[in-house]
Amino acid sequence: MHEWSLACALVKTAEEEAARRGASRVFEVSVSVGFLTGVVPELLERAYDMARQGTSLEGAPLRIEVAPVRARCGGCGRETVFEGYALACPACGRPGMEVLSGDDILLRGLDLEMGGSA
Amino acid sequence: MCETCGCGLPEEAKHAHEDHGHDHPHREEARLYRSLLEANEAQARENREHLLEHRVLAVNLMSGPGSGKTSLIETLAGFTAGRWRLGVIEGDLATDRDAARVRALGLPVHQVTTGSTCHLDAAMVHGALHALPLEDLDLLVVENVGNLVCPGLYDLGCHLNGVLLSVTEGDDKVAKYPVAFRHAQFFCITKTDLLPHVDFDVERPKREARLLKGDLKVFACSSRVPGSLDGFAAYLEGERKALLG
């Protein structure tokens with residue numbers, strides 16, 4: 001379950017970014033999970049709920065968006081969006097396309113409360 | 001309403017954005033797009049450079065439990081004896097059984113026991129590198145935790161990543177566990193001596209793996225058949241020459 005390691009990295013990175021901006025509270029954390037990472041959104045959410053206990057993110061639920069795979073064919077140059085793993089070019093059939101996005105997991109953004117007690 | 005943040009405070013409220021002089025709370029959306037894998041990837045790059053400085057080719061072996069990673073290392077040790085100096089990092093959830101097998105061959109080995117973590121990461125490998133005599137090694141094999149899913153996401157800083165699949169696991173597994181294959185340079189179909197006893201079409205995983213990674217090198221081998229690792233060992237030798245001259 002690599003979701004646990006990712007949830008720990010997520011909590012650490014989100015807390016770091018919130019503190020750097022001088023936020024007084026985090027309302028929501030949003031992530032983008034690339035389809036090719038094999039990360040299961042439900043498991044990431046559960047792992048995040050455990051990892052955020054006792055941190056400043058206790059009141060900040062997680063919003064997860066699954067990013068499809070965008071890849072470019074090295075042969076004909078066509079760009080295609082995939083919902084699965086088969087990365088052969090649908091136009092010319094050539095396998096092993098260059099992946100442009102959908103293979104990373106990103107902290108997209110934070111919904112923050114600024115000022116007030118700060 | 002404040003033109004900067006749209007917070008709707010009356011005009012007389014203190015409200016200087018330029019010097020961060022807020023005295024009222026307001027909501028703000030911070031757009032970040034920061035990778036959660038970036039710390040691991042930075043450590044992996046460091047590991048790769050560190051190994052290169054010591055002229056060591058490092059190979060990460062990934063597979064489900066029981067595909068024959070440790071047997072492959074044992075056979076490779078016999079093959080490379082007197083030619084390359086081989087060292088091993090063993091990753092396991094629990095026990096040092098694999099490390100004990102490798103140590104029995106007289107090879108330098110460092111055990112990483114991950115506890116509840118289902119994969120090795122670059123920081124664990126970094127720690128292990130400091131426990132091994134890199135100046136006395138030509139080839140370092142990192143045996144990842146037996147798991148065909150999670151290790152695929154974590155770059156360890158090895159120069160080559162490989163996946164093993166034994167014929168007893170079934171010929172449909174490549175498409176079912178694609179993550180690790182995408183980051184691999186080679187793929188070993190193992191335990192081929194058992195082919196007469198199982199329904200396993202060797203061409204199917206080869207075909208499916210090359211769909212995921214067009215330039216994947218594929219080997220079919222058995223640690224029990226003398227000479228069947230020749231092609232794989234020659235590949236490693238070629239890669240070492242290409243990397244280190």
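**Notes on the two-chain model**

1. Let's start inside chain B: strand 4 and strand 8 (residues 160–166) of chain B run parallel and are joined by four bridges. Keep in mind as you look around that this is a predicted model. In strand 8 of chain B, Val59(B) has Leu160(B) as its bridge partner. Strand 4 of chain B also pairs with strand 7 (residues 139–143) of chain B, again in the parallel sense, this time over five bridges. Val59(B) turns up here too, with Val141(B) as its bridge partner in strand 7 of chain B.

2. How many of the residues of strand 4 of chain B are buried? Six of six, over residues 57–62. In a regular strand, side chains alternate between the two faces of the sheet. For strand 4 of chain B, both faces are covered. Leu57(B), Val59(B) and Leu61(B) are buried on one side, and Ala58(B), Asn60(B) and Met62(B) are buried on the other.

3. Now zoom out to the whole sheet in chain B. Seven strands make an open sheet with parallel pairing, in the order 6-5-7-4-8-9-10. Why do strand 6 (109–113) and strand 10 (217–220) of chain B each have one side without a neighbour in the sheet? Because they stand at the edges, each with a single partner strand. From one strand to the next, the twist averages 20 degrees. Strands 5 and 7 of chain B are one of the parallel pairs, joined by five bridges, and there Leu86(B) stands opposite Leu139(B) of strand 7. Helix 2 (residues 69–80) of chain B packs on this sheet and touches strands 4, 5, 7, 8 and 9 (186–190) of chain B. The direction of helix 2 of chain B makes about 165 degrees with that of strand 7 of chain B.

4. Glu143(B) is worth a click. This residue lies in strand 7 of chain B. Is Glu143(B) buried or exposed? It counts as buried, because it has 27 C-beta neighbours inside 10 Å and the cut-off for buried is 20 or more. Leaving out residues up to four places away in sequence, Glu143(B) touches a set that includes Lys69(B), Thr70(B), Glu90(B) and Asp98(B), along with Leu61(B) and Val88(B). Glu143(B) and Leu72(B) are 71 residues apart in sequence, but their C-alpha atoms are 10 Å apart in space.

5. Beyond four places in sequence, Cys188(B) touches Leu72(B), Gly162(B), Leu164(B), Phe219(B), Cys221(B) and Phe232(B).

6. Over to helix 1 (residues 2–20) of chain A. At 1.5 Å a residue, its 19 residues should span 27 Å, and its end C-alpha atoms are 27 Å apart, so the two agree. Among the buried residues of this helix are His2(A), Glu3(A), Leu6(A), Leu10(A), Val11(A) and Ala14(A). What covers the buried residues of helix 1 of chain A? The cover includes strand 1 (23–34), helix 2 (41–51) and strand 6 of chain A, together with strand 3 of chain B. Just after the helix, Gly22(A) takes a positive phi of about 70 degrees.

7. That brings us to where the chains meet. In chain B, 33 residues are in contact with 33 residues of chain A. Strand 3 (26–35), helix 6 (178–182) and helix 7 (203–212) of chain B each supply at least two residues to the side of chain B that touches chain A. Strand 3 of chain B gives the most, with ten residues. By class, that side of chain B has 15 nonpolar, eight polar and ten charged residues. Strand 6 (residues 105–114) of chain A pairs with strand 3 of chain B in the antiparallel sense, over eight bridges. There, Glu113(A) has Arg27(B) as its bridge partner.

8. Most residues other than glycine have a negative phi. Tyr33(B), which lies in strand 3 of chain B, has a positive phi near 50 degrees. Thr95(B), in the loop between strand 5 (86–92) and helix 3 (97–103) of chain B, has a positive phi of about 70 degrees. Tyr33(B) counts as exposed, with 10 C-beta neighbours inside 10 Å, and Thr95(B) is exposed with 11 other C-beta atoms within 10 Å.

Key
Residues are numbered from 1 along each chain as its sequence is written. Chains are lettered from A and ligands numbered from 1 in the order in which they are written. This is a predicted model: local features need pLDDT of at least 70, side-chain atom pairs count only at pLDDT 80 or more; totals for chains, interfaces and linings use all residues. Two residues are in contact if their C-beta atoms, placed from the backbone, lie within 7 Å. Ala, Val, Leu, Ile, Met, Phe, Trp, Tyr, Cys and Pro count as nonpolar, Asp, Glu, Lys and Arg as charged, and the others, Gly among them, as polar. Two strands pair if DSSP finds at least two bridges between them. A residue is buried if 20 or more other C-beta atoms lie within 10 Å of its own, exposed if 12 or fewer, and partly exposed in between; C-beta atoms are placed from the backbone. Axes are lines fitted to C-alpha atoms, for helices over the stretch in contact, and angles run from 0 to 180 degrees between N-to-C directions. The expected span of a helix is 1.5 Å times one less than its number of residues.
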